[in-house]
Amino acid sequence: MRVITILSALMGGVAFLARSQGVESSVDHDDKDVTCGSAVKFTHSESGNKYFLNSANQNMGSGSGQQLVTMIANKGKQDSLWLLREGHGQPQCAPGDPLECGQRIRLTHLNTMKNLHTHHVRSPLSRQQEVSGFGEDGEGDTGDDWIIVCGSGAKTLKRSTKFRVQHVDTKRYLSATEQVKFTEQNCGGNCPILHHLEVAARSSPDRNTEFKVELGVHLSK
């Protein structure tokens, strides 16, 4: 999917979300499909849906030095919008097409156009696998590819249900927990990500790896 073809369709909705400061729409809690080309926010189930997958134009001070990815307790932040696309080198998915369980996708950070990425580098706090933002203008490598893992019997990803994403190359699951967050003790008093949760990739699925689409600009046909 060419990124440029859908950005203009999203900008009006993105502006509305920014103005509304995260006021939820009931459409995000129905049983409609999550679709290709949509820009959405992912909330984290283990934390009681209080934290959102987030990134910004800031690099890590350790590990790979790539762009930071954390969970933040502010649903009004525009830095929490992620564009849903086909996987690296995969056939283009048409904007508005439902995302299928088992489908290979990329999550591209809308503000910086970096892809959600993981690799064999230790995360800074939990020493699991580091998760970062990678690539230029939405183009990176297979380390940006994730598989949608739905509940038993599901065929497409729904806005109302929990799901996981599993990394294609390393087989690890995107994860976070309220038990592992950046504090003054582990990040310093002037830490720019103070009170954010660490995002990492872990080897086995559990409640720390469950996410849900909470808000977004949804494309449909």
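**View 1. Lys77 and its contacts.** Beyond its neighbours within four places in sequence, Lys77 touches Lys41, Asn54 and Ile72, where contact means heavy atoms within 4.5 Å. This is a predicted model, so to speak of local features we need pLDDT of at least 70, and side-chain atom pairs count only at pLDDT 80 or more, while totals for chains, interfaces and linings use all residues. Residues are numbered from 1 along each chain as its sequence is written, and side-chain values use heavy atoms, with hydrogens and water left out.

**View 2. Where Lys77 sits.** Look for Lys77 in the loop between strand E3 (67-72) and strand E4 (82-86); strands (E, at least two residues) are DSSP runs, numbered from the N terminus. Lys77 counts as partly exposed because its relative accessibility is 32%: buried is under 20% relative accessible area, exposed is over 50%, and partly exposed is in between (1.4 Å probe, protein chains only). Phe52 is 25 residues away along the chain, with 9.1 Å between its C-alpha atom and that of Lys77.

**View 3. Strand E4 and its partners.** E4 is mostly covered, with five of its five residues buried. Strand E1 (residues 39-44) runs antiparallel to E4, joined by two bridges; strands pair if DSSP finds at least two bridges between them. Here Ala39 has Leu83 in E4 as its bridge partner. Strand E5 (residues 104-109) is also antiparallel to E4, with five bridges joining them, and Leu84 stands opposite Leu107 in E5.

Definitions and conventions. Helices (H or I, at least four residues) and strands (E, at least two) are DSSP runs, numbered from the N terminus.
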